[in-house]
Amino acid sequence: MNVRVVDYRAADAAAQFTRSLHETGFGVLVNHPIPQQLVESIYRDWLAFFDSEQKHDYAFSVEKQDGYFSTAISETAKGATQKDIKEYFHVYPWGRIPAQLKADAMQYYDTANALAAELLGWVEQYTPADIAANYSEPLSGMIQGSNKTLLRVLRYPPLSGQEPAGSLRAAAHGDINLLTILPAANEPGLQVQDMDGNWIDVPCDFGMLIINIGDMLQEASQGYYPSTQHRVVNPTGDGASKSRVSLPLFLHPRDEVVLSARYSAGAYLDERLRELGVKS
């Protein structure tokens, strides 16, 4: 698998980027508009939050899916038997956000959301006409007015050595949404599965932005844009004693958007959240 590293400012960026998404389900951008200083500030400040007792004041809402999800209730990936080794916080503009973290989180949310919308426009532009004819509305229209786009602040804690056999920081999974935007984490570990079933390390130099297709876009594009399985493997050596912070933005359509003859976006999301064990 050749995950392309594309310069966002290049004249042919849209063509190269969407080709990578079609061929691999992934693309990597450099020289993009998300400020690295902002990302590093968020990593630092949220690590302190996860190390504090304040996080328990924001226990997640089953109905709204906002707030803090502890390691005890974190997701079990579809088809996996062990929970992922992670804790995380769901940030929505309408949701609960710790006061000292809100300004940076919302600046990042707005910047990443604007970029995600632009990239979705690239995907739409380079969708073959016979595939695009099946979209219930233009892709860019699917996110207009959506309140479901989610910023997840993830912390993979240091490993204790007592983890259940076979458990991973994040077991193999596909994302639920249209597109996911992810700045390179502070530690390596992200891998993507190629068409032959091999696991490939995703480039993770600071400043890189990793984008992958979600299951909803795979559904809407009839598989033209594949939602590739990915995972976060457990570190060894010195890395095992370090926390890993990750900051994915999951671009979601409005609930009523029709993805295919089988699914609306809302029905698809509810089904997957029940599978993950975070919604009844």
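1. In this predicted model, the largest nonpolar core comprises 78 residues, and those with the most contacts inside it are Trp 46, Val 91, Tyr 108, Leu 119 and Leu 179. Helix α3, which spans residues 99–125, supplies the largest share of this core, namely 12 residues.

2. Leaving aside residues up to four places away in sequence, Val 91 touches Trp 46, Ile 97, Ala 105, Met 106, Tyr 109, Leu 150, Leu 151 and Val 153.

3. Turning to the strands, an open sheet of 4 strands runs in the order β6-β11-β8-β9, and its pairing is antiparallel. Its edges are formed by β6 (170–173) and β9 (199–201), each of which pairs on one side only. On average, neighbouring strands of this sheet are turned by 25° against each other, with direction ignored.

4. A separate point concerns Asp 57, which lies in the loop between α2 (36–50) and β3 (67–69). Is Asp 57 buried or exposed? Its relative accessibility is 61%, and because residues over 50% are classed as exposed, Asp 57 counts as exposed. Between Asp 57 and Gly 67 there is a separation of 10 residues in sequence, while their C-alpha atoms are 9.0 Å apart in space.

Definitions and conventions: Residues are numbered from 1 along each chain as its sequence is written. This is a predicted model: local features need pLDDT of at least 70, side-chain atom pairs count only at pLDDT 80 or more; totals for chains, interfaces and linings use all residues. Side-chain values use heavy atoms; hydrogens and water are left out. Two strands pair if DSSP finds at least two bridges between them. Helices (H or I, at least four residues) and strands (E, at least two) are DSSP runs, numbered from the N terminus. Axes are lines fitted to C-alpha atoms, for helices over the stretch in contact, and angles run from 0 to 180 degrees between N-to-C directions. Buried means under 20% relative accessible area, exposed over 50%, partly exposed in between (1.4 Å probe, protein chains only). A nonpolar core is a set of buried Ala, Val, Leu, Ile, Met, Phe, Trp, Tyr and Cys residues joined through side-chain atoms within 4.5 Å. Contact means heavy atoms within 4.5 Å.
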